[in-house]
Amino acid sequence: MHQQTLIYCMFLIVQTVNGDTWSQWTPWACSVTCGNGIKSRTRHCLSSFCFGEILFGQQREQSSCFTIACPVDGNWGPWGIFEPCSVTCGTGLHNRSRICNDPAPSLNGKPCNGEENSSEICNTEVCAVDGNWGPWSSFGPCSEACGKGVKKRSRVCNDPAPSQNGKPCDGEDTNSISCNGAECPAFTATLPGGVHPYQNGAIIGYPIKLLDNSGYSNGIFTVLPGMGGVYSVSVTIMSGSVIGHTTLRKNGAILVWLFTNKEYDMASQTINIQLAEGDRIWVQMTNQASSLFDVYNTFSAVRIV
């Protein structure tokens, strides 16, 4: 106790001799400009006996401080899941979003940097493609060179062609219309009334033409250009005063032989033959001299194909 009393007495002596020992406190200073911090102030010893600041005072004081609330910059929360694709097939987009709430900006803090939404390409499956017809082709030629025929045209299911289980084209891939070619070659000729003798090898002229639209002259039928085809050819004979022997010939070759064995006997034959352009057919007396009677003798042909 005596030592502490001595020191205190000496402090009083110093204060008496030198006046105030401490300077004025500095202004309080907070450690931060916003939010919670520590404020402090200081002073210094004015006496040469500085032990007093250790034993009888403080050189520094501090306490908590709060000036103003600090601005809070925004930060993005996690991305949400992607939404469904914008299309059910083919190339589309799906989107996702995020929120600026981790934390949200406040007190003039900066907003989140970056985009709120993002998207990516999605392609779940290839779309089905329904077929569609391409253009019609031009009509082809008439199916018949003469008489009534048909001409056709077509189209292809390729604009586009069906794919990925798409529907086929609806309708027909061909259609046709009627067409009329030139009149088919045809003739029918006969003999005049009475008995008509012929020498062996003579061509029967059949001068009376009941029908002739092309190619027949003086008992001979000639196939004109463009008129080749299958012909139905008929020959009928009736003998006169003697038996008759006739043959149907093509370019000289015998196709059919007709024979009557008595007066006024009849024979007839019809055949289908292929004739080309320039071919000729006729009826010719064969084997011996004969005679033919009246209009019962006919020679005819018509193109059928």
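Visitor: How do you know that S14 and S15 pair?
Guide: In this predicted model, 7 bridges join S14 to S15, and the two run antiparallel. Pairing takes at least two bridges, so these strands qualify.

Visitor: What else joins S14?
Guide: S17 does, running antiparallel to S14 with 5 bridges. Here Leu-248 stands opposite Val-283 in S17.

Visitor: Why is strand S14 called largely enclosed?
Guide: Because 6 of the 7 residues in 244-250 are buried, and buried means under 20% relative accessible area.

Visitor: Why is Leu-211 called partly exposed?
Guide: Its relative accessibility is 41%. Buried needs under 20% and exposed needs over 50%, so Leu-211 counts as partly exposed. Leu-211 sits in strand S10, residues 208-212.

Visitor: What makes the nonpolar surface patch that includes Leu-211?
Guide: Ile-208, Leu-210 and Leu-211 make it, with an area of about 270 Å².

Visitor: Which residues touch the most other members of the largest nonpolar core?
Guide: Tyr-206 and Phe-299, out of 29 residues. Elements giving two or more residues to this core include strands S8, S13 and S19.

Visitor: What is Tyr-206 in contact with, leaving aside neighbours within four places in sequence?
Guide: Its contacts include Ala-189, Tyr-216, Val-235, Val-283 and Phe-299.

Methods. Residues are numbered from 1 along each chain as its sequence is written. This is a predicted model: local features need pLDDT of at least 70, side-chain atom pairs count only at pLDDT 80 or more; totals for chains, interfaces and linings use all residues. Side-chain values use heavy atoms; hydrogens and water are left out. A nonpolar core is a set of buried Ala, Val, Leu, Ile, Met, Phe, Trp, Tyr and Cys residues joined through side-chain atoms within 4.5 Å. Buried means under 20% relative accessible area, exposed over 50%, partly exposed in between (1.4 Å probe, protein chains only). Helices (H or I, at least four residues) and strands (E, at least two) are DSSP runs, numbered from the N terminus. Contact means heavy atoms within 4.5 Å. Patches are made of residues with over 30% relative accessible area and no salt bridge: like charges are joined within 9 Å, nonpolar side chains (Val, Leu, Ile, Met, Phe, Trp, Tyr) within 5 Å. Accessible areas come from the Shrake-Rupley method with a 1.4 Å probe; for residues, only the protein chains shown count as cover. A salt bridge is a side-chain nitrogen of Lys or Arg within 4 Å of a carboxyl oxygen of Asp or Glu.
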